[in-house]
Amino acid sequence: MAISPQGKPMQSEAKTVDQYLAELPADRRVMLEDVRKLILANINEGFEEGMQYGMIGYYVPHSIFPAGYHCKPSEPLPFLSLASQKNYYSLYAMSLYSDTESLAAFQAAWKATGKKLNMGKSCIRFKKLDDLAMDLIADHLRGITVDAYVDSYIQAIKK
């Protein structure tokens, strides 16, 4: 991860996921590789992996949803992002941000695991792999098809 002259982390300029991972210190790379394996093993067909907004992104490609992301239509519709931040790691689950019922169910299920959920609007922050409810994340990913996500997104932006 690049560091600004002020000592703050800057958004990665990596063009590929492999390049992004290669830029990280070994311990951070291993952490993200473990979470990435979980994502790739459980994400439904149709989502694509690549770099988006300086992070590893999983998104709905323009070939499936030509309108793209309403804030920036030239970008494919973001679904999930994974990043190494200065003091923690982040997993951005846009599917939870746009669906309040799914968010409430996800939060209740996380609480039932006994793990503490450190979450913003869509950002799950963690410092170690054990902070994550891996089975719950896997279940959440398996439960969302591209079509269902696009439908949910369209309904959310209509509101």
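Good morning. Across the whole structure, a search finds six aromatic pairs, meaning Phe, Tyr or Trp rings (for Trp, the six-membered ring) whose centres lie within 6.5 Å, called stacked with planes under 30 degrees apart, edge-to-face over 60, and tilted otherwise. This is a predicted model, in which local features need pLDDT of at least 70 and side-chain atom pairs pLDDT 80 or more, while totals for chains, interfaces and linings use all residues. Residues are numbered from 1 along each chain as its sequence is written, and side-chain values use heavy atoms, without hydrogens or water.

One of the pairs is F47 with Y149, which is tilted, at 6.2 Å centre to centre and 55 degrees between the planes. Because F47 lies in the loop between α2 (26-42) and β1 (48-52) and Y149 in helix α6 (residues 146-158), this pair ties together parts 102 residues apart in sequence. Helices (H or I, at least four residues) and strands (E, at least two) are DSSP runs, numbered from the N terminus. Both F47 and Y149 are buried, that is, under 20% relative accessible area, where over 50% is exposed and in between is partly exposed (1.4 Å probe, protein chains only). Ring pairs also link F47 and Y149 with F79 into a cluster.

I turn now to Y89. With F126, Y89 forms a stacked pair, 5.4 Å centre to centre with 25 degrees between the planes. Y89 belongs to strand β4 (residues 89-93) and F126 to strand β5 (residues 123-126), so the pair ties together parts 37 residues apart in sequence. Y89 and F126 are buried.

Finally, R28 lies in helix α2. What joins the side chains of R28 and S84? A polar contact of 2.6 Å does, the term denoting N or O atoms within 3.5 Å, where within protein one must be able to donate a hydrogen and the other to accept it, and residues adjacent in sequence count only if both atoms are side-chain atoms.
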